[in-house]
Amino acid sequence: MTEPRADVGVIGGSGFYSFLDDARPVEVTTPFGEPAEQPVVGTLAGRAVAFLPRHGRDHRLPPHLVNYRANLWALRAVGVRQVLAPSAVGSLRPELGPGTVVVPDQVVDRTHGRAATIYDAPGTVVHAPMADPYCPVGRRAVLDAGTHDQETGPQPPLDVVDGGTLVVVNGPRFSTRAESRWHAAAGWSVVGMTGMPEAAVARELAMCFTTVSLVTDLDAGVEQGEGVTHAEVLEVFGRNVERLKHLVAAAIARLPGPEADCTCRHALDGQPLPFDLP
């Protein structure tokens, strides 16, 4: 039987462990070890979609131990070229309260000790451009879905914000108040633990990549209480996850077809690669 293929991929974050009803798992091996889970492929909004939970279905992988390279390679191996990546974040600005969705246009990497590139063998020199780290096509699909396609019901629609800077810290601990105030003073918008090297690896694989950041809390330097807890993050994410899934599904319906071109897919043009990409 032919293995299913997909051109759109979704990486689920904390509390976002399932997405597709008719999904079929695809066995994938990667040069970087095992992904968090084998991707599953199903159909959504008339599109073939692959889904992979970033931390595993049981959230067994903390952010600093996620195998970002294997996760992205596995998605590309099943045909994915456009990735939407929801994640939980803390807000560095009081106006971006819990339940807000930020679609960042910039990222700052403050992680350390993570395998951050697929081109790390001796003699391998590949420089991927990252001036604009997120896909303009994917971002527009999410923003348009947030404006036009949200369901009305007992809960108000998610407030979807265009632009901002995501700063990525190593975790698994949360920020101190001093760190949080430093991040806010720099003009950054939200803070998370998984956005890098995920975006960078996607660019190295010439994949379109869009982060969809759901605010679950005000970071330590913004609020006056005792600071954020993991339980608080999961509780707020859980309250909003179904609306977030609907937003992602609506964005997928707005994405152009697999034949559409994008600058992200030409990020490596003109550079000799040491191996073939899947």
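Q: How many helices and strands does the protein have?
A: The secondary structure comes to five helices and 11 strands, counted as DSSP runs (helices H or I, at least four residues; strands E, at least two) and numbered from the N terminus. This is a predicted model, where local features need pLDDT of at least 70, side-chain atom pairs count only at pLDDT 80 or more, and totals for chains, interfaces and linings use all residues. Residues are numbered from 1 along each chain as its sequence is written, and side-chain values use heavy atoms, with hydrogens and water left out.

Q: How many aromatic pairs are there?
A: A search of the whole structure finds five. Rings of Phe, Tyr and Trp (its six-membered ring) pair if their centres lie within 6.5 Å; planes under 30 degrees apart are stacked, over 60 edge-to-face, the rest tilted.

Q: What about Phe 19 and Phe 51, how do they pair?
A: Their pair is tilted, at 6.1 Å centre to centre with 40° between the planes.

Q: Where do they sit in the chain?
A: Phe 19 is in the loop between strand E1 (8-12) and strand E2 (24-25), and Phe 51 is in strand E4 (residues 47-53), 32 residues apart.

Q: Buried or exposed?
A: Both Phe 19 and Phe 51 are buried, meaning under 20% relative accessible area (1.4 Å probe, protein chains only).

Q: Which residues form a ring cluster?
A: Ring pairs link Phe 32, Trp 73, Tyr 119 and Phe 275.

Q: Switching to the whole protein, what share is buried?
A: Buried residues make up 56% of the 278 residues.

Q: And what box do the C-alpha atoms fill?
A: Roughly 55 × 45 × 35 Å, along the principal axes.

Conventions. Buried < 20%, exposed > 50% of the residue type's maximum accessible area, 1.4 Å probe, protein only.
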